[in-house]
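Thanks, everyone. Let me put the structure up, and then I'll walk you through it.

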Amino acid sequence: MGKTVQEMNIGDTASFTKSVTDYDVYSMAGITGDFNPAHINTLYAVETPFKERIAHGVLSVSLISGVLGTQLPGPGVIFIGQVCDFKRPVYVGDTITATVEVVRKDEARNRVWLRTYCTNQRGELVMDGEAEMRPPRKING
Amino acid sequence: MGKTVEELNVGDKASFTKTVTEYDIYSFAGVSGDFNPSHTDAQWAQNSTYGKVIGHAVLNMGFISNVLGTQIPGPGVIYVRQTIQYKRPIFVDDTITATVEVTQKDEAKNRVWLHTWTVNQNDEIVADGEAIMMPPRKIKR
């Protein structure tokens with residue numbers, strides 16, 4: 001079970017790092033149906049401003065979801081809302097670190113707000129945003 | 001190539017429908033590392049708020065991203081920002097329809113705002129939000 005609102009404090013952070021591969025990009029296309037050629041067509045991609053295929057923006061958000069759902073707050077959390085600003089493209093081979101940090105909490109309403117962001121291997125921000133979460137409640141007994 | 005800001009009009013709509021299966025949830029876990037037991041542990045999920053396994057909330061954003069990236073505005077678009085509120089869980093075998101509708105545009109800044117939402121087979125809102133997109137520019141010929 002994850003952390004309750006009482007167990008979480010402003011400044012608590014957690015993160016997860018993963019190198020993005022073609023497997024991830026093609027799987028994400030298959031799951032979501034998002035076969036935008038920017039993600040799955042090399043010939044098209046070389047003509048774009050990015051010059052090569054890029055990962056789906058949602059891939060960065062999914063890494064954030066992993067940190068929220070498995071670490072902070074962790075299992076039992078309910079996702080209320082998210083804001084995601086996409087700052088830079090993620091390329092195949094990039095190593096992305098997703099970090100969440102508690103910025104505010106409301107014990108009475110059982111809500112926690114976290115800054116959520118992803119950086120690449122050069123420390124550049126690729127996604128920045130915020131998540132509003134309902135942490136798990138203590139189980140009776 | 002997708003639609004330019006000049007070609008998009010307030011009220012333009014597009015959507016995508018998909019039935020969510022265990023394949024999607026397990027693949028999404030494998031891509032994101034999000035093995036939150038609400039998604040991948042049926043035993044644990046039995047005792048959770050929803051009584052059974054639910055899909056990752058970010059799947060909603062995946063379906064929205066699909067419509068934005070392949071239909072409106074379509075290929076060549078750059079994802080600037082997504083806000084999303086999660087209203088209901090996705091259960092296995094739910095049929096989710098993601099819809100985007102142009103609500104505002106700024107030709108000078110090359111930006112389009114879209115209302116983005118998903119509903120399930122009972123027409124209940126699952127996720128609701130807004131996207132800001134930078135549509136593709138006309139290619140010089």
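Start with helix H4 of chain A: 14 of its 14 residues are buried. Buried means 20 or more other C-beta atoms within 10 Å of the residue's own; exposed means 12 or fewer, partly exposed is in between, and the C-beta atoms are placed from the backbone. Helices (H or I, at least four residues) and strands (E, at least two) are DSSP runs, numbered from the N terminus.

A word on the source. This is a predicted model: local features need pLDDT of at least 70, side-chain atom pairs count only at pLDDT 80 or more, and totals for chains, interfaces and linings use all residues. Residues are numbered from 1 along each chain as its sequence is written, with chains lettered from A and ligands numbered from 1 in the order in which they are written.

Now chain A as a whole. It has four helices and five strands. The order along the sequence is β-α-α-α-α-β-β-β-β. Its C-alpha atoms fill a box of roughly 60 × 30 × 20 Å, taken along the principal axes. Of its 141 residues, 44% are buried. Two residues are in contact if their C-beta atoms, placed from the backbone, lie within 7 Å. Take the chain A contacts between residues at least 6 apart in sequence: 71% of them join residues at least 24 apart.

Next, the sheet. In what order do the strands run? There are 10 strands in an open, antiparallel sheet: E1(A)-E3(A)-E4(A)-E5(A)-E2(A)-E2(B)-E5(B)-E4(B)-E3(B)-E1(B). At the edges stand E1 (13–19) of chain A and E1 (13–19) of chain B; each has a single partner strand, so one side of each lacks a neighbour in the sheet. From one strand to the next, the twist averages 20°. Strands count as paired if DSSP finds at least two bridges between them. Axes are lines fitted to C-alpha atoms, for helices over the stretch in contact, and angles run from 0 to 180 degrees between N-to-C directions.

Look at the middle of that strand order. E2 (residues 78–86) and E5 (residues 125–134) of chain A pair in the antiparallel sense over eight bridges. Follow A:Gly81. Its bridge partner in E5(A) is A:Glu132. In E2(B), A:Gly81 stands opposite B:Gln85.

What does H4 of chain A lie across? The answer is E1, E2, E3 (95–106), E4 (111–119) and E5 of chain A, together with E2 (78–86) of chain B. H4(A) runs at about 55° to E3(A). In chain B, H4 (residues 58–70) packs on the sheet, touching E1 to E5 of chain B, and its direction makes about 55° with that of E3(B).

On to the interface. 34 residues of chain A are in contact with 34 residues of chain B. On the chain A side, the elements giving two or more residues are E1, H1 (22–32), H2 (37–40), H4 and E2. By class, that side has 16 nonpolar, 14 polar and four charged residues. For the classes, Ala, Val, Leu, Ile, Met, Phe, Trp, Tyr, Cys and Pro count as nonpolar, Asp, Glu, Lys and Arg as charged, and the others, Gly among them, as polar.

Now the core. The largest nonpolar core has 71 residues. Such a core is a set of buried Ala, Val, Leu, Ile, Met, Phe, Trp, Tyr and Cys residues joined through C-beta atoms within 7 Å. Among those with the most contacts inside it are A:Ile64, A:Cys118 and B:Leu68. Not counting residues up to four places away in sequence, B:Leu68 touches B:Pro73, B:Val77, B:Tyr79, B:Val100, B:Ala131 and B:Met133.

Last, some backbone details. Most residues other than glycine have a negative phi, and most peptide bonds are trans. The bond from A:Leu72 to A:Pro73 is cis, with omega near 5°. A:Pro73 is in the loop between H4 and E2 of chain A. A cis peptide bond also joins B:Ile72 and B:Pro73, with omega about 0°. B:Asp93 has a positive phi of about 80°. B:Asp93 counts as exposed because it has 10 C-beta neighbours inside 10 Å.
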